[in-house]
Amino acid sequence: MKELTGLILMAVLGTYYFCRKKTDRRKALFCKAAATSVPGILLAVSMIEGNVQNVSAGGNGTGFSVAAGVTLAAIVFYMAADVLLECRFILGAVCFSIGHVWMAAGFFLSREAALYSDGHVDAGFLLSASGAFIVFIAAAVAALHRYFHQLKQKKLFYPMLGYIAVLGIMASLAAASGIRTGGAPGAAAATGGICFAVSDILLGRNRLGKRRSRVRGAAVLILYYLAVYLFALRFWI
């Protein structure tokens, strides 16, 4: 029940932001960040109630998880970035990058991601993570390469590459962790990583292009909220 309630609340808050961001900026920004906070609140409640699962491959324990706390911290950074992105774009991107680092750390702390397994290199995980990273980076370059020249003129090219790399690492870890873990938690992690990568690529197209598409803008928002929701959801489904 709380899952459906959370999705409806995110949809309402996100829709208000999307429709009123130009006419009622302050309330719209509050609603934008509030929508991101919903999965964080649900995760925090699950942690307090002791319903957080061990989502590592083959794990079945329940209770408090450090990984869940780290994931919650990442969501807090995403909330801050939601507002900063509209006011100081570079600071917002930095804040998102920090959130990605925390989110990636959560995959290792939960043992969904593991470079070694039973004392040996986990070749399957490394191959799937590397493959996902290459795909994400290739997709970003294919979608944004036409804007590289103007980014170089504004001295934003290398910061953008840095952000894409951090995003790619987080998203590829999510995808590979989902494959390794399997089941509903694994599907949530993998889908969340893909949604976040696609959302940010579309955001780049919308920000850098001459014309901003409302349809693309709506897709950015929907995929972003879905990604954050799925990252949190994997701890209690």
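## How two helices cross

A crossing of two helices is called left-handed if the near helix is turned anticlockwise from the far one by less than a right angle. In this predicted model, the crossing of α3 and α9 is left-handed. Their axes lie 10 Å apart, and the two helices pack at an angle of about 160 degrees. Angles over 145 degrees count as roughly antiparallel, so α3 and α9 are roughly antiparallel to each other.

Which residues make the contact? From α3 come Thr-71, Ile-75, Tyr-78 and Asp-82, while α9 brings Tyr-224, Val-228, Phe-231 and Ala-232. Sorted by class, the contact of α3 with α9 has six nonpolar residues, one polar and one charged.

## The largest nonpolar core

Now for the inside of the model. The largest nonpolar core has 52 residues, and the members that touch the most others are Leu-43, Tyr-78, Phe-96, Met-170 and Phe-196. Two or more residues come from each of α1 (2-20), α2 (25-49), α3 (66-87), α4 (89-109), α5 (123-144), α7 (157-181), α8 (183-208) and α9 (214-233). Which element gives the most to this core? That is α9, with 10 residues.

Apart from this core lies another one, of 10 residues, including Ala-143, Leu-151, Phe-157 and Ile-201. In soluble globular proteins, nonpolar side chains tend to be buried together.

## A look at Leu-43

Leaving aside residues up to four places away in sequence, Leu-43 touches Val-52, Ala-68, Thr-71, Leu-72, Ala-232, Phe-235 and Trp-236. Two of these names, Thr-71 and Ala-232, also belong to the contact between α3 and α9.

How values were computed. Residues are numbered from 1 along each chain as its sequence is written. This is a predicted model: local features need pLDDT of at least 70, side-chain atom pairs count only at pLDDT 80 or more; totals for chains, interfaces and linings use all residues. Side-chain values use heavy atoms; hydrogens and water are left out. A nonpolar core is a set of buried Ala, Val, Leu, Ile, Met, Phe, Trp, Tyr and Cys residues joined through side-chain atoms within 4.5 Å. Buried means under 20% relative accessible area, exposed over 50%, partly exposed in between (1.4 Å probe, protein chains only). Helices (H or I, at least four residues) and strands (E, at least two) are DSSP runs, numbered from the N terminus. Contact means heavy atoms within 4.5 Å. Axes are lines fitted to C-alpha atoms, for helices over the stretch in contact, and angles run from 0 to 180 degrees between N-to-C directions. Angles under 35 degrees count as roughly parallel, over 145 as roughly antiparallel, 65 to 115 as roughly perpendicular and the rest as oblique. Ala, Val, Leu, Ile, Met, Phe, Trp, Tyr, Cys and Pro count as nonpolar, Asp, Glu, Lys and Arg as charged, and the others, Gly among them, as polar.
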